[in-house]
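Thanks for coming. I have one structure to go through today, and I will keep to how the chains are arranged and how they meet. Here it is.

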Amino acid sequence: MTLSEVVAATGGELRGADPAAAVTGLAALQNAGPEHVSFLANPRYRKYLKTTRAAAVILAPENADSCPVPVIISLNPQLAYAAVAALFAPREPRHLGIHPTAWVSDTAEVATDAWIGPQAAIEDGAVIEGGVFVGPHCVIGKGAVIGAQTRLVARVTVCHGVRLGRRVVVHPGAVIGSDGFGFAKDGQRWIKIPQLGSVRIGDDVEIGANTSIDRGALEDTVIEDGVILDNQIQVGHNVFIGAHTAAAGCVGICGSARIGRRCSLGGGAGINGHLEIVDDVHITGMSMVSNSITEPGVYSSGLSVEPNRLWNKISARLRRLDELFKRVSALEKKMPKDALD
Amino acid sequence: MTLSEVVAATGGELRGADPAAAVTGLAALQNAGPEHVSFLANPRYRKYLKTTRAAAVILAPENADSCPVPVIISLNPQLAYAAVAALFAPREPRHLGIHPTAWVSDTAEVATDAWIGPQAAIEDGAVIEGGVFVGPHCVIGKGAVIGAQTRLVARVTVCHGVRLGRRVVVHPGAVIGSDGFGFAKDGQRWIKIPQLGSVRIGDDVEIGANTSIDRGALEDTVIEDGVILDNQIQVGHNVFIGAHTAAAGCVGICGSARIGRRCSLGGGAGINGHLEIVDDVHITGMSMVSNSITEPGVYSSGLSVEPNRLWNKISARLRRLDELFKRVSALEKKMPKDALD
Amino acid sequence: MTLSEVVAATGGELRGADPAAAVTGLAALQNAGPEHVSFLANPRYRKYLKTTRAAAVILAPENADSCPVPVIISLNPQLAYAAVAALFAPREPRHLGIHPTAWVSDTAEVATDAWIGPQAAIEDGAVIEGGVFVGPHCVIGKGAVIGAQTRLVARVTVCHGVRLGRRVVVHPGAVIGSDGFGFAKDGQRWIKIPQLGSVRIGDDVEIGANTSIDRGALEDTVIEDGVILDNQIQVGHNVFIGAHTAAAGCVGICGSARIGRRCSLGGGAGINGHLEIVDDVHITGMSMVSNSITEPGVYSSGLSVEPNRLWNKISARLRRLDELFKRVSALEKKMPKDALD
């Protein structure tokens, strides 16, 4: 590939190199050789800029002068990097049809330009739209609908009646439409509440490996367009996640939580049920949201590690914090009057 | 369906409506139309009561007067709702037999009224009792026993020798009987300890999507009757969970923890290994239990979010908490004698 | 089996018993009968020593005198226990060949002494080396390489191009090589960054049930030799985990974190991305690592439960901690001069 093709994909501006020069791939600044394009998007990696050997580095205008090799100037280097990565991504041969080891119910509808991979199972009445890729070992439940161009990588379970939008990507182990955790108490026994709702996933959603999304109790669980969910995430029944919200790995969202648009949930964050988070809220890693959040902004409750010996002291003191407040109040009362300014 | 059929299912008392009136389904208070039954169980939703258009609302006696439409009085509205949801749940046609794409070992025993779904695998010596539903892509290991009327929804892995009770429900992605995390250290190397125990699951247990339950090292991991486990839960080897205990999503329980009956573990809670929690203990979300709990009650250690700027200040101060205690002690010592009352 | 065979496996020294005596299995101290060998490795269980009925107990020299029955003295009783457990583990009949319900691509290479179990799928160009066990429902992606003697228990997904070393054990539900969570922002939309790297797993690694390991963005995610990962773990793209490190259940490791050798990560711990942890660091359960750790040692930030009423008081006080520091500073300033020593 020539540098000019790379530059075209980024929409950026090449400086200091021959556009006809050939490059063979993308690499990180510290690993790139003269045959690679590289990029600087995260400021943590700026330290590698001055010694990079890349053919050209995609970077923001303000970093151009610090770069010892040719540059591709971009106002959004991360986005430009995404475009170049797509350029170098291996082209999959297009699959069409139904693998002989797959099982497709007679009453399912599969578009002629869809692919049903090895040992996949498509149950009664399911609809697989055009251009869909159903990877090996996927299970598509009764009456589920998989929107056009959606890609189920492998071993994805879509339960009965669930609807996925277009261009959705779902990774192995994900489960969409399992029963919500709904029970009524009868004395000490738990009585299961049939979960009559379903799940609706919008367009351009990404769902990570081993993530699970429960179906609604009565109405549907809803994931709007452009939401991205990482691996090992739990989404309870009747949760609503607004468009373009991102959740990192191991997030847990309890039933009936309503999360706004363009939010981000850091890794391991926990969201309580039956609450509302407005648009543009950002929760940092391992934080817990117990109540509704009504103002956009960044919120936290995670604590970062200290040496264990110090932490044990702190946490023992923490248990006596109420007492300390009382001791300070007592001191304030006892302070001689003439000490007051 | 008529209102009188609905009322019969709830065991409640209809007021203000014609028992012969027809209803077509269940809906939440705010979404119900005159063709729906609704219910009020969670007080958070009381605000929707006064504007509901439902045909009738299932509610507790004390809420009857606030309801603008007919009511079905119940002493346990959540339980009554469960009964009505079961009434409206779609009836699955009964499946019997073995799907042609399933593989069943010659030495497995499958009851004639059980169902083995598409591409399921039943290994040597496994026993599938009467009325069991084995959904698509389930794997039942050697010598495992699946008790009568149990339902493995889809893609459930039950490892060798594991025993499930009757009327158990297991959701997709769950793994029961994987090896416990048992290793001995030999210098810097970890030597695997073969896990010779198994898992025993009682009757009427529910196990959520992508939950994993490890087999015991020597004795069995035990889940008693009526336990309900949500999604993405980890249960270590030799854990014991007492009857009717509930665990919400993302809970982690380390090896050899013993949890009592009728306990609840909030979402994301972590339970250390080799400890005991007595009956009727309730752990709130994202809390950590490091030591045995010997008294029933509610226990917590989760912290809820604050605006990030404030939280950073708090957490920086927290690191100096030990110092603050010392400063207060110094102040107390220095306080002039005559200031003391 | 005779006691002498057991003793030979442990490399220990038998005292007080006839080496020719027969034993039938291993059991915990409190459950062992005169036909069992038992062991004392965790000091928590010393309380069961004085009443044990075992034929012989594997223990450290310092515990020998407290034991009422014969002993097998070992300097590493946990390791000796592992050896004896291996002795009593059921011998699996060796499987060879390809199960008739498996699907193997014409271009995959499968060693003649490997086993491909029921309904497994082996895609184009995959390589299955000698002695490998591919259990039921495993999916091996295009060009993936499974090293000799590796055991994929059941329903493991290995994505395209991933390389596993020798003698690796992977438990059901694990996903290796799913796309990393890499996106660029274009206005409010997330644009997927193709993940062009892969995953390299060393020798003698163990990977737990429902654990997921993402492929790298450009370079590979790397798990070195002898690493042990428990269940429900999330490993982000481009993570590096050094040899012999252990991670307990529910750990989350964000992208590009670099973790040293011989580390341990307690259950539910969270490791932020783009940081480095040196060798021999131990993180206790449910702790969060937000910054690089440059010194070996034990680090913590988890808080253990208190009764809920007390905890609510503590956490309310915590929110006012900054104010308390200011109040103490004010007191210190106001303290009369003559009070100072």
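β37(B) and strand β38 (residues 306-307) of chain C pair in the antiparallel sense, over 2 bridges. Pairing here requires that DSSP finds at least two bridges between two strands. Strands are DSSP runs of E with at least two residues, helices are runs of H or I with at least four, and both are numbered from the N terminus. Within this pair, B:Ser300 has C:Glu306 in β38(C) as its bridge partner.

Before going further, the conventions. This is a predicted model, in which local features need pLDDT of at least 70, side-chain atom pairs count only at pLDDT 80 or more, and totals for chains, interfaces and linings use all residues. Residues are numbered from 1 along each chain as its sequence is written, and chains are lettered from A and ligands numbered from 1 in the order in which they are written.

Now the rest of the B to C interface. In total, 61 residues of chain B are in contact with 64 residues of chain C, contact meaning that the C-beta atoms, placed from the backbone, lie within 7 Å. On the chain B side, the elements that each supply at least two residues are β19 (175-178), β20 (183-186), β21 (189-192), β24 (212-214), β36 (288-289), β37 (297-300), α3 (308-318) and α4. Of these, α4(B) gives the most, with 5 residues. By type, the chain B side divides into 27 nonpolar, 22 polar and 12 charged residues. For that count, Ala, Val, Leu, Ile, Met, Phe, Trp, Tyr, Cys and Pro are nonpolar, Asp, Glu, Lys and Arg are charged, and the others, Gly among them, are polar.

Two of those elements also pair within the chain: 4 bridges join β20(B) to β21(B), and the two strands run antiparallel. They form a hairpin with 2 residues between them, and B:Gly187 in the turn has a positive phi of about 65°. B:Asp186 stands opposite B:Arg189 in β21(B).

Next, the helices. Two packed helices are described by the angle between their axes and the distance between the axes. The axes are lines fitted to C-alpha atoms, for helices over the stretch in contact, and angles run from 0 to 180 degrees between N-to-C directions. How do α4(B) and α4(C) pack? Helix α4 (residues 321-334) of chain B packs on α4(C) at an angle of about 30°, and the axes are 11 Å apart. That makes the two helices, α4(B) and α4(C), roughly parallel, a label for angles under 35 degrees; over 145 is roughly antiparallel, 65 to 115 roughly perpendicular, and the rest oblique. The crossing is left-handed, as the term is used when the near helix is turned anticlockwise from the far one by less than a right angle; clockwise would be right-handed.

The residues that meet are B:Leu324, B:Arg327, B:Val328 and B:Leu331 in α4(B), and C:Phe325, C:Val328, C:Leu331 and C:Glu332 in α4(C). That contact divides into 6 nonpolar, no polar and 2 charged residues.

For A and B, the axes of helix α4 (residues 321-334) of chain A and α4(B) come within 11 Å and cross at roughly 30°. α4(A) passes α4(B) in a left-handed crossing. Here A:Leu324, A:Arg327, A:Val328 and A:Leu331 meet B:Phe325, B:Val328, B:Leu331 and B:Glu332.

On to C and A, where 60 residues of chain C are in contact with 64 residues of chain A. α4(C) gives the most to the chain C side, with 5 residues. That side divides into 27 nonpolar, 22 polar and 11 charged residues. Strand β38 (residues 306-307) of chain A is joined to β37(C) by 2 bridges, running antiparallel, and A:Glu306 stands opposite C:Ser300.

What relates the copies, then? Chain B can be laid on chain C with an RMSD of 0.1 Å by a turn of 120° and a shift of 0.0 Å along the axis. That is the relation of a three-fold axis. The superposition is by least squares on the C-alpha atoms of residues with pLDDT of at least 70 in both copies. For chain C on chain A, a rotation of 120° with 0.0 Å of shift along its axis gives an RMSD of 0.0 Å. Only 20% of the interface residues of chain B are also interface residues in chain C, so the copies meet through different surfaces.

Methods
Two residues are in contact if their C-beta atoms, placed from the backbone, lie within 7 Å.
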